[in-house]
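Subject: Structure handover

Hello,

Please find the structure below, with its sequence. My notes come after it.

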Amino acid sequence: MTLASLLLVVLASFIHASWNLLAKTAASVGPVFVFAYNLIACVAYAPWVLFLLVHEGIIWTWTGIGFVLLSGLIHLAYSLCLQRGYQVADLSVVYPVARGTGPMLSTLGAFRLTLAAP
């Protein structure tokens with residue numbers, strides 16, 4: 001691993017931990033915080049998404065739109081559950097459980113899709 005790669009991994013871990021500390025600090029307002037950071041993210045990503053739609057010629061299908069909406073709903077549910085967890089429990093409990101739940105559910109979903117495939 002190069003030094004640049006290592007530094008990027010360490011920086012990403014600090015940013016991620018700082019974000020969760022901020023979320024814990026804002027736990028008292030709960031859904032308001034989730035709405036605020038999702039609104040900021042939508043505004044920040046909108047120019048990039050519009051650029052991709054115009055210049056990359058992405059063709060949307062109903063299936064694709066459905067997956068995007070489903071992904072958004074899953075992330076919203078995760079964010080609301082995380083904020084609720086930070087309201088009722090300590091960061092040292094909620095953070096590792098939340099970090100482990102995503103990979104576990106993704107793995108279970110992948111197994112389920114694999115078993116359902118023809």
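Predicted model: local features only at pLDDT ≥ 70, side-chain atom pairs only at ≥ 80, totals over all residues.

Residues are numbered from 1 along each chain as its sequence is written, and side-chain values use heavy atoms, with hydrogens and water left out.

Helix H2 covers residues 31-55. Helices here are DSSP runs of H or I with at least four residues, numbered from the N terminus. H2 has 25 residues and spans 35 Å from its first C-alpha to its last, close to the expected 36 Å; the expected span is 1.5 Å times one less than the number of residues. At Ala46, H2 bends by about 40°, and Pro47 follows within four residues. The bend is the angle between axes fitted to the seven residues ending at a position and the seven starting there. After H2 comes Gly57, with a positive phi near 65°.

Ser79 lies in H3. Ser79 counts as buried because its relative accessibility is 9%. Leaving aside residues up to four places away in sequence, Ser79 touches Val34 and Tyr37, where contact means heavy atoms within 4.5 Å. The C-alpha atoms of Ser79 and Ala98 are 9.9 Å apart, with the two residues 19 apart along the chain.

Tyr45, Trp48, Val49, Leu50, Leu53, Val54, Ile58, Trp60 and Val68 make a nonpolar surface patch of about 910 Å². Such a patch joins nonpolar side chains within 5 Å, from residues with over 30% relative accessible area and no salt bridge (a Lys or Arg side-chain nitrogen within 4 Å of an Asp or Glu carboxyl oxygen). H2 gives the largest share, six residues. Val68 belongs to H3 and is partly exposed, at 46%.

Regards

Terms used:
Patch = residues over 30% accessible without salt bridge, like charges linked within 9 Å, V, L, I, M, F, W, Y side chains within 5 Å. Areas by Shrake-Rupley, 256 points an atom, 1.4 Å probe, with all protein chains shown as cover. Helix = DSSP H or I, 4+ residues; strand = E, 2+ residues; numbered from the N terminus. Buried < 20%, exposed > 50% of the residue type's maximum accessible area, 1.4 Å probe, protein only.
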